[in-house]
Amino acid sequence: MVFSSQLFLFWFLPAALVGYYLAPRRLKHLVLTIFSYVFYGWANPAFLILLLASTLIDWIAGLVMAGTTPWSRTPIEILPKGVRRNRRERLALLLSVTSNLSLLGFFKYFNFAVDSWNGIASVIGVDAATLDIALRVTLPLGISFYTFQSMSYAIDVYRGDAKALRNFIDFACFVSMFPQLVAGPIIRFSEVADQLANRTHTLAKFARGVAFFSVGMAKKVLLANPCGQIADTVFDAGAPGVLQAWHGVVGYAFQIYFDFSGYSDMAIGLGLMLGFVFARNFDSPYHSQSITEFWRRWHISLSTWLRDYLYIPLGGNRKGVRRTYIHLGLTMLLGGLWHGASWNFVIWGAFHGALLAIERAVGVDRLYGWMPRAMRVATTFSLVLVSWVFFRAADLPAALAYLGRMFGLGEAAGAAPLLSGLLLGPYLAVSFAIAAFVVWGAQQSWTWTRELTPLKIVIALGLLVVAIAALSTQDYNPFIYYIF
Amino acid sequence: MSSSTADTTREAEALAEIGRTCVRPVGAHLLTGAFLLLLLSGAALELAAARTGQENLLRGEGRLVAPSFRELGNLWRARGTLAVAGELREAGVAAEDRIQRDSRLAAAVRHPLQGLLSRYLRYGNSQVLLGEEQWLFFRDDFDHLTGAPFLAPSVVARGSGSAPRHPSQAPSPLPAILGLAADLQARGLGFVLVPVPTKLGIAWERFLGGRERGGPALANPSQAALLEGLRTAGVEVFDPTPLLREMEIRGENPYMRFDSHWSPAGIDRTAAALATFLRDRFELDEALSLEREDLAFERRADLGDLLGLDPERNPYLLEPLRIQAVHRPGGRPYSSRSGHGQVLLVGDSFSRLLIRNKRNGGDANFAAELAFHLQAPVAMRAENDAGDSFARRVGWLRQPHQLDGRRVVVLEVAERSFSLGDWTSERLTTAQ
């Protein structure tokens, strides 16, 4: 079930909101958890077992670390910081981390590992070593998000950043909350622990949630989907011309930004309707003047997660220059691999890691400082575009071939004029132009929804109505990050 | 109370930001109320329709039905938990699709919005592209023409053979066609391949807007190599592309405006040329006296239909045509489905197009026009759907007596099927 579907908008969401607001306060988390499990199970009920298992393991790990039981009446204390943890606490953390990473590893990377092994064996001519495994593992929806989210709880409790939760329903609600369950933003337990215990439901909050949701829906349906058509058309083309190749990858850059930030806006909006405040996940990333800045603005919940739970625990920049670059590279490589099990994502992560390392070594000011601002933004955007080719292309040869097209290698096919005919048709051209304007000329959602004037209210409702109407003419268009 | 002490900056920022929300109570009420009303409108429309006795998602034969607890219980006892999960998953996906497609709200909005998009923004949908002056084109044709070369090793290597729908998944048609030609030759039969070019490849100016005129037809980069490979291997290929392109340049419209197929004029000219081609190469000694009658005809255009407009207000739906219906002497309609003839035409919708029922007179399809130009019977086996499955066609030829009395098998294929079809190689192993 996706947010931009009639099932969600006209059946699930009204039922969830009515159920939530009619439920007495002490049952709200139970109701929200039940609706979240229905939401998640709709795609494949079998995967509910994984969600439940991941939740149970981390909940138990938290209780073990806190040295308590579900039926105890003793208040749970936050673990003291700066104190060496005992064996029980360390084992509980180990249980959480290994079980979550095992789930993620098996369900997300099993096929990739087998295919890669067989590929390598074949290349080096050791066919006898290839694995004849018929098993193909289906990737459970959102597993990358909820395992990270669930794991963050155990780590936060272990570090003394958060108190363990005794109530299983409260914890299950945190892990499974449908607004952000399958595609983020990744919510850290320490960030919402207070809100789980105590949050407000106000009309202003709900109204801003509606505004966020409307903007997000419009981003997805009115901008991301048409830009996706541009990207699909060019990436599927055999031999696009140079300009067409750049047009296609810019289309993809717009698609992935509006798709994911639209989803995040909808998630934030839905959270607000339920009384939760989630932190921002995007901050106009294509305004960035360096790759370092890009990663402070793009998918912020993931980049800060990786920083706080991987880069810093590895040692960050505290263990010398050489180790800093190793930590940076490793973090970005794993960040790439987190997105998907393919070499394209590994290269995407490595490319960003290398750029970050260069900017760190040379200095952002020395690298870009001599350029005017617009040129710095254009340079950063161009580098990001090159990286998106690896993200979007079907496989590594396709990515390299596409990059070749972008830089003038190879002749355009005889049918290439047809591509221009489609891309420059009124609908796609207008959508592309509006997308560009919104990327570089419009306020971002957090700013735009801050003051809801009568005009903005009309615009928000208008966007929602037009987006819902447009949905009826579009094919099924799941969010890109649903597959991660 | 604060249970969190770590980096709460982002959360604190967000909380502070939400705290700064500025909206008047009346505005907040209006936005919230309108939003909730909008959410409830979907279910309300369905309930209202059900109350007035109209068939919809909640009422009548087409209503959404969830699997019952009893059914799920039986399934669980017989096949276990995963089977129940699978059943629920299928039911859920089907319900989501039905609601998206058939809900009252979607039905009410889809037609007018698609009408606006096609009229003012020249935008079709995932299946139909709009060109200049209301010319419609099939998206699959576009994907075939602009897609990767279908014979490229990287493309062929990825071929799955199980009804692929994407150019990058299509196995090579070359071994499949060569195998069939060899099998037929081993039985003493001739074989001719007739690849029918795409409408977009022939009439591309009508898509681009007429800024450029003339020049050759457009084709997938592998098209020429495929035909050359077949000819070099001794396979007879009758390629009507130059003929149809010539017609297009002269303004004779070899393709229909609202339909993905060739026009009666395109069929007639191709059939005439193919008849000459066959007579030059094969000994065909059957004779049949056939005549033609010029008739006005309206076809429900496939692309006009796929555009998804209100059938009552769809300007693209009906294609007015002049057809040449084929008769036997005395006005007896000629049917291309009799199965008799030394020439067997195996094809797809390009062959079936303009088959007519007895009341409306003789066929005006490719087989009938070929029979007219040959003045000899032509047997035809063609299917609209799944006509691009090579294995299915070989399956037809394997049926008993299908090749009895034949001299030549003509395989007509839509050119787009070279990259979008299923070319899983299949041999004529069964003795005829």
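Student: Why is A:Ser36 called buried?

Tutor: In this predicted model, A:Ser36 has 21 other C-beta atoms within 10 Å, and because a residue counts as buried when 20 or more lie within that distance, A:Ser36 is called buried. This serine is found in helix 2 (residues 28-43) of chain A.

Student: Which residues is A:Ser36 in contact with, leaving aside its neighbours within four places in sequence?

Tutor: Once those neighbours are set aside, A:Ser36 is in contact with A:Ser176, A:Met177, A:Phe178 and A:Leu181. A contact requires C-beta atoms within 7 Å. As for A:Ile268, which is 232 residues apart from A:Ser36 along the chain, the C-alpha atoms of the two are separated by 15 Å.

Student: What makes the radius of gyration of chain A agree with that of a compact globule?

Tutor: For 484 residues a compact globule would have a radius of gyration near 23 Å, and chain A has 23 Å, so the value agrees. Along its principal axes, the C-alpha trace of chain A spans about 75 × 65 × 50 Å. Of the 484 residues of chain A, 52% count as buried, and the secondary structure of this chain comes to 20 helices and 0 strands.

Student: How many residues of chain A are in contact with chain B?

Tutor: On the side of chain A there are 70 residues, and they are in contact with 72 residues of chain B. The largest share of the side of chain A that touches chain B, 9 residues, comes from helix 8 of chain A. By class, that side of chain A has 45 nonpolar, 11 polar and 14 charged residues.

Student: How do you know that the buried residues of helix 12 of chain B lie on the same side?

Tutor: In helix 12 (residues 241-249) of chain B, the buried residues are B:Thr241, B:Leu244, B:Arg245, B:Met247 and B:Glu248. They cover an arc of only 155 degrees around the axis, and therefore they are on the same side of helix 12 of chain B. The buried residues of helix 12 of chain B pack against helix 9 (199-202) and helix 13 (264-281) of chain B. Just after helix 12 of chain B, B:Gly251 takes a positive phi of about 80 degrees.

Student: What makes strand 3 of chain B mostly covered?

Tutor: Strand 3 (residues 190-196) of chain B has 7 residues, of which 6 are buried, and on that count the strand is mostly covered.

Student: How do you know that strand 3 and strand 4 of chain B pair?

Tutor: At least two bridges are needed for a pair, and 2 bridges join strand 3 of chain B to strand 4 (residues 236-237) of chain B, so these parallel strands count as paired. Here B:Val192 stands opposite B:Glu236 in strand 4 of chain B. Strand 3 of chain B also pairs with strand 9 (residues 408-414) of chain B, in the parallel sense over 7 bridges, and B:Leu193 stands opposite B:Leu411 in strand 9.

Student: Which residues have the most contacts inside the largest nonpolar core?

Tutor: That core has 252 residues, and those with the most contacts inside it are B:Leu345 and B:Ala371. Leaving aside neighbours within four places in sequence, B:Leu345 is in contact with several residues, including B:Phe366, B:Leu370 and B:Val410.

Key
Residues are numbered from 1 along each chain as its sequence is written. Chains are lettered from A and ligands numbered from 1 in the order in which they are written. This is a predicted model: local features need pLDDT of at least 70, side-chain atom pairs count only at pLDDT 80 or more; totals for chains, interfaces and linings use all residues. A residue is buried if 20 or more other C-beta atoms lie within 10 Å of its own, exposed if 12 or fewer, and partly exposed in between; C-beta atoms are placed from the backbone. Helices (H or I, at least four residues) and strands (E, at least two) are DSSP runs, numbered from the N terminus. The arc is that of the directions from the helix axis to the C-beta atoms. Two residues are in contact if their C-beta atoms, placed from the backbone, lie within 7 Å. A nonpolar core is a set of buried Ala, Val, Leu, Ile, Met, Phe, Trp, Tyr and Cys residues joined through C-beta atoms within 7 Å. Ala, Val, Leu, Ile, Met, Phe, Trp, Tyr, Cys and Pro count as nonpolar, Asp, Glu, Lys and Arg as charged, and the others, Gly among them, as polar. The radius of gyration is taken over C-alpha atoms; the globule rule is 2.2 Å times the number of residues to the power 0.38.
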